[in-house]
Amino acid sequence: MNGKTKDIAFTGIAAAIIAVCSFITIPVGAVPVTLQTFAVCLVSGILGLKRGTLSVLIYILIGALGVPVFSGFKGGIGVLLGATGGYIIGFVFTAMITGFVSDRTKKLPALMLSMALGAAICYAFGTAWFILVYTKEQMPLGKTLALCVTPFLIPDAVKITVASLLTFRLRDRLLKTQDG
């Protein structure tokens, strides 16, 4: 199999992994805890900037077209325009940051930090979108953060830790398989 074919296969599999991880959901209010963040960090850490970001974009496109790949087995443009749409769009930036760092270093702390920064940007997009779309009246920022960020800090710290450790252990093995 040539390099382009392997790139396509790895990218498609990564998009599927993100979709499968979105189905693992713990409801905690308007925004559920899922394994999407874990999957986005893992695939972009392993595949790097180009293929990792492309995987996330494919996942979002498939969901926008109506395939039920988003949390709660939902699909369609309405999900992207709904309360959690900002988080889904934020995954693109998480993938870009993580993939960029992953392409440039093999150091575990740098990888963990890039995933944490990506998650923080995802929180920012998701929270801003939640305020614009979901809240009918002005909600104090503290209350919004308590709803949209605070419940996710510990679960996301665990997901980032596991994703970075798996990336650190698997990246070279998978890419060696891909190249060889």
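## A nonpolar pocket

The lining of the second largest pocket has 9 nonpolar residues, with no polar and no charged ones. This comes from a predicted model. Which residues line the second largest pocket? They are Phe10, Ile13, Ala14, Ile17, Leu42, Val43, Ile46, Leu47 and Leu174.

Two helices stand out here: α1 (3-22) and α2 (36-64) each give at least two residues to the lining of the second largest pocket. The space in this pocket comes to about 180 Å³.

## How the chain is built

Let's step back to the whole chain. How many helices and strands does the chain have? Its secondary structure consists of 7 helices and 2 strands.

Taking contacts between residues at least 6 apart in sequence, 69% of them join residues at least 24 apart.

## Overall shape and surface

The C-alpha trace of the chain spans about 55 × 35 × 25 Å along its principal axes. A compact globule with 180 residues would have a radius of gyration near 16 Å, and because the chain has 16 Å, the two agree.

What about the inside and the outside? Of the 180 residues of the chain, 44% count as buried, which here stands for under 20% relative accessible area.

Key
Residues numbered from 1 in each chain as written. Predicted model: local features only at pLDDT ≥ 70, side-chain atom pairs only at ≥ 80, totals over all residues. Heavy atoms only, no water. 1 Å grid on protein atoms, 1.4 Å probe; cavity = no way out; pocket = protein on both sides within 12 Å on 5 of 7 lines; lining within 4 Å. Points joined across faces, edges and corners; volume = space filled by probe spheres on them. Helix = DSSP H or I, 4+ residues; strand = E, 2+ residues; numbered from the N terminus. Nonpolar A, V, L, I, M, F, W, Y, C, P; charged D, E, K, R; others polar. Rg over C-alpha atoms; globule rule 2.2 N^0.38 Å. Buried < 20%, exposed > 50% of the residue type's maximum accessible area, 1.4 Å probe, protein only. Contact = heavy atoms within 4.5 Å.
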